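Here is a short tour of one protein chain. Keep the structure open beside the text as you read.

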Amino acid sequence: TSSGGRTRAEIISIGWKHVHGATGVVYAMPNGDVDESAWRVHGLSRDVLRDRNAGSLRDALATFLQAIQGETDVGLVTYSGKHFDCVLLRRALEATNLHLPVNITTFVDTYIFARCVMPPGTRLAVDALASTLTGVSVQRGLHSADEDAALALTVFEELVERGTPGLAIPSSAQE
């Protein structure tokens, strides 16, 4: 989750979900204010972040990296990651002098994946895509990083389950 638009956005929360079910979320206090447009999406203001014990961006990233350390064949699954999540993550890692661990072997942007495999005319907004793939209506107001992570993973798993040739969740990840 970010603090604002694409040009000055900062990571303010990072959520994750392991395929075996473990989840987590950490918060980072932004350097500036949270844009009103971003606040309307996720509801995270500086006051809310303070109440959630938001620390530094470096601490939040270190907690996330620690959570995935020791796993084998880690895959990062995002929605619209190529143009947003990965740009923010790369910028944040550079600013904090941290690095992604070598156990990250796969990256999937579920938006690009869905564009390649879904029929023309399919609505590709993450909530609409999840609803189409699961048959369960997904309508969120405010959303959080941990919910986004879980939804991106659900979309990925459903796309794979539909028989996309050549793709499968590694057996080690399913344990």
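## The chain as a whole

The chain exposes about 9900 Å², and carbon and sulfur atoms supply 51% of that area. Accessible areas come from the Shrake-Rupley method with a 1.4 Å probe; for residues, only the protein chains shown count as cover. This is a predicted model: local features need pLDDT of at least 70, side-chain atom pairs count only at pLDDT 80 or more, and totals for chains, interfaces and linings use all residues. Residues are numbered from 1 along each chain as its sequence is written, and side-chain values use heavy atoms, with hydrogens and water left out.

Of the 175 residues in the chain, 39% are buried. Buried means under 20% relative accessible area, exposed means over 50%, and partly exposed lies in between (1.4 Å probe, protein chains only). Eight helices and four strands make up the secondary structure. Helices (H or I, at least four residues) and strands (E, at least two) are DSSP runs, numbered from the N terminus. Their order from the N terminus is β-β-α-α-α-β-α-β-α-α-α-α. Now take contacts, meaning heavy atoms within 4.5 Å. Among contacts between residues at least 6 apart in sequence, 66% join residues at least 24 apart.

## Helix α7

Helix α7 covers residues 145-161. Its 17 residues should span 24 Å at 1.5 Å a residue, and its end C-alpha atoms are 24 Å apart, so the two agree. The expected span is 1.5 Å times one less than the number of residues.

The buried residues of α7 include Ala 149, Leu 153 and Phe 156. What do the buried residues of α7 pack against? They meet the strands β1 (13-17), β2 (23-27), β3 (74-78) and β4 (104-109), plus the helices α5 (110-117) and α6 (126-134).

## Helix α6

The buried residues of α6 are Val 126, Asp 127, Ala 128, Leu 129, Ala 130 and Leu 133. They pack against α5 and α7. Look at Asp 127: its relative accessibility is 19%, so Asp 127 counts as buried. Leaving aside residues up to four places away in sequence, Asp 127 touches Val 138, Arg 140 and Leu 151. Just after α6, Gly 135 has a positive phi of about 75 degrees.

## Thr 78 in strand β3

Thr 78 lies in strand β3. Is Thr 78 buried or exposed? Thr 78 counts as buried because its relative accessibility is 14%. Thr 110 is 32 residues away along the chain, yet the C-alpha atoms of Thr 78 and Thr 110 are separated by 6.1 Å. Apart from residues up to four places away in sequence, Thr 78 touches Asp 85, Phe 107, Val 108, Asp 109, Thr 110 and Ala 152.

## Two loop asparagines

Most residues other than glycine have a negative phi. Asn 53 has a positive phi, near 60 degrees. Asn 53 sits in the loop between α2 (46-51) and α3 (57-68). At 68% relative accessibility, Asn 53 counts as exposed.

Asn 97 also has a positive phi near 60 degrees. The loop between α4 and β4 holds Asn 97. Asn 97 is exposed, with a relative accessible area of 56%.
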